[in-house]
Amino acid sequence: MTHLDNGSVVTDLDAHRDNAALTEQGYTIRHIETWHRETDQTCIVWDAPELTEADLPF
């Protein structure tokens, strides 16, 4: 799992535990990328969940 500066997260398609945990935390799939170089690698790019008033600390 890789956390990007823009709040997105990238995981391997086969990282079932990480993908399930992100889904439970409210992350949504932005898109899926497949790289065809020496090896085929498929990654999921996730968007962070939206903040709501319930998330604010007051």
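A salt bridge is a side-chain nitrogen of Lys or Arg within 4 Å of a carboxyl oxygen of Asp or Glu. The legends below describe a predicted model, in which local features need pLDDT of at least 70, side-chain atom pairs count only at pLDDT 80 or more, and totals for chains, interfaces and linings use all residues. Residues are numbered from 1 along each chain as its sequence is written, and side-chain values use heavy atoms, with hydrogens and water left out.

**View A. The salt bridge between D47 and R30.** The count by this rule is 1. The closest N and O atoms of D47 and R30 are 2.5 Å apart. This pair links distant parts of the chain, 17 residues apart: D47 lies in strand β4 (residues 40-47) and R30 in strand β3 (residues 28-36). Strands (E, at least two residues) and helices (H or I, at least four) are DSSP runs, numbered from the N terminus. D47 has a relative accessible area of 24% and is partly exposed; R30, at 40%, is also partly exposed. Here buried means under 20% relative accessible area, exposed over 50%, and partly exposed in between (1.4 Å probe, protein chains only).

**View C. N19 in helix α1.** The helix spans residues 16-24. N19 counts as buried because its relative accessibility is 10%. With residues up to four places away in sequence not counted, N19 touches T11, D12, L13, I44 and W46.

Notes:
Contact means heavy atoms within 4.5 Å.
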